[in-house]
Amino acid sequence: MTQHPISGPWLSPAKLNLFLYITGQRDNGYHDLQTLFQFIDCCDQLYFQLTDDGVINLESQLDFPAEDNLIVKAARLLQQYCAVSRGVNIKLDKQLPMGGGIGGGSSNAATALLVLNRLWQCDLSLTELAQLGLQLGADVPIFIHGHSAFAEGVGEQIQAVDIDDPWYVVLHPDVHVSTQSVFGHPELPRNTPKRTWQQLLNDNWQNDCQEIVAKVYPEVAQALSWLVEYAPSRMTGTGSCVFAAFATEREALSVLNKRPKNISGFVCKACNQSPLHRQLANEKTLLNTAGF
Ligand SMILES: C[C@@](CO)(OP(=O)(O)O)[C@H](O)COP(=O)(O)OP(=O)(O)OC[C@H]1O[C@@H](n2ccc(N)nc2=O)[C@H](O)[C@@H]1O
Ligand SMILES: Nc1ncnc2c1ncn2[C@@H]1O[C@H](COP(=O)(O)OP(=O)(O)O)[C@@H](O)[C@H]1O
């Protein structure tokens, strides 16, 4: 049997929601949002090795079944959609905190779709890949398009934007916030008036989920009230991570290093282009045998 080379490491970056407003609710229960996504240079890494047997395997340090992993779901979706006969061994090196609102699962799915589209020679456009990805999660299309974006609808109406790219301190309170439970909360504000991008650009940015999450999870409230002493601070997505922007890495690191011992966190740089898309533009990183 042919031993195929290993391709990777491929980056799977996190995102922050710099603002998040809920402007309505659809008949199917899903909420309409206006949100601003920006990537950060904090990433998981994925490795791929093609196989001839059609089977999709995933090796990772996660403690739930591979079948439930969005990477396997993404690979299977593409394989079926393009009638690919080959399989793939995938290895995930997970670095990003999970359930923190920084989008690691959606990003992993998008990285799998983008890289396998190339390795399996499916040749789907970004628009087609984003449509496939939307079946896996509302945030997947943003990671497929790979540019900072103002998103509306459930995240599928995307307008690429260029915005400031500061350094961030991201704090990760030790709680897992379920997206579904936040959207199901009776006190969640659901009728923030819709505004244009121009109006929002000059607004004092907020997150409509923050008040409820901080009320239910005191750890989130504690992280916010600590960080806000240094700079304006907000929650990303449905939490639990909170962040604040700084002009320099040095300033951000000095704040991070003073954090309370019970809160983990990291410093990262904002990127208007996804680190994965930068990598995809450089074919030379495609083959590497050091992965598995
Ligand atoms: C709100 C965001 C902002 O980035 O939060 P985070 O998950 O990143 O924190 C995302 O769009 C989340 O996207 P994602 O995490 O993919 O959500 P999904 O799996 O599609 O949905 C999980 C559940 O949340 C609810 N849901 C999700 C998105 C939405 N616009 N309205 C909803 O009501 C639905 O009940 C759904 O069953
Ligand atoms: N590859 C993956 N990485 C992380 N989480 C995953 C993955 N595949 C499935 N999941 C599931 O998605 C949930 C949310 O993960 P994640 O994307 O990290 O959080 P968030 O949506 O809050 O940013 C996890 O708790 C896990 O059950």
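**Ligand shells and a helix contact**

Around ligand 1 there are 19 residues, of which His-31, Gly-101, Gly-137, Phe-183 and Gly-237 come nearest; a residue is counted if its C-beta atom, placed from the backbone, lies within 6 Å. The model is predicted: local features need pLDDT of at least 70, side-chain atom pairs count only at pLDDT 80 or more, and totals for chains, interfaces and linings use all residues. Residues are numbered from 1 along each chain as its sequence is written, while chains are lettered from A and ligands numbered from 1 in the order in which they are written.

Two or more residues of the ligand 1 shell come from each of β2 (31-51) and α5 (179-183); helices (H or I, at least four residues) and strands (E, at least two) are DSSP runs, numbered from the N terminus. By class, this ligand 1 shell holds 5 nonpolar, 13 polar and 1 charged. Ala, Val, Leu, Ile, Met, Phe, Trp, Tyr, Cys and Pro count as nonpolar, Asp, Glu, Lys and Arg as charged, and the others, Gly among them, as polar.

Ligand 2 has 16 residues around it, with Leu-70, Met-98, Gly-104, Gly-105 and Asn-108 nearest. Here α1 (70-81) and α2 are the elements giving two or more residues, and α2 provides the largest share, 4 residues. The ligand 2 shell has 5 nonpolar, 11 polar and no charged residues.

Helix α2 (residues 104-119) also packs against helix α3 (residues 126-134). Ala-109, Ala-110, Leu-113, Leu-114 and Asn-117 of α2 meet Leu-129, Leu-132 and Gly-133 of α3, contact being C-beta atoms, placed from the backbone, within 7 Å. These contact residues comprise 6 nonpolar, 2 polar and no charged.

Technical notes
Axes fitted to C-alpha atoms, helices over the stretch in contact; angles between N-to-C directions. Contact = placed C-beta atoms within 7 Å.
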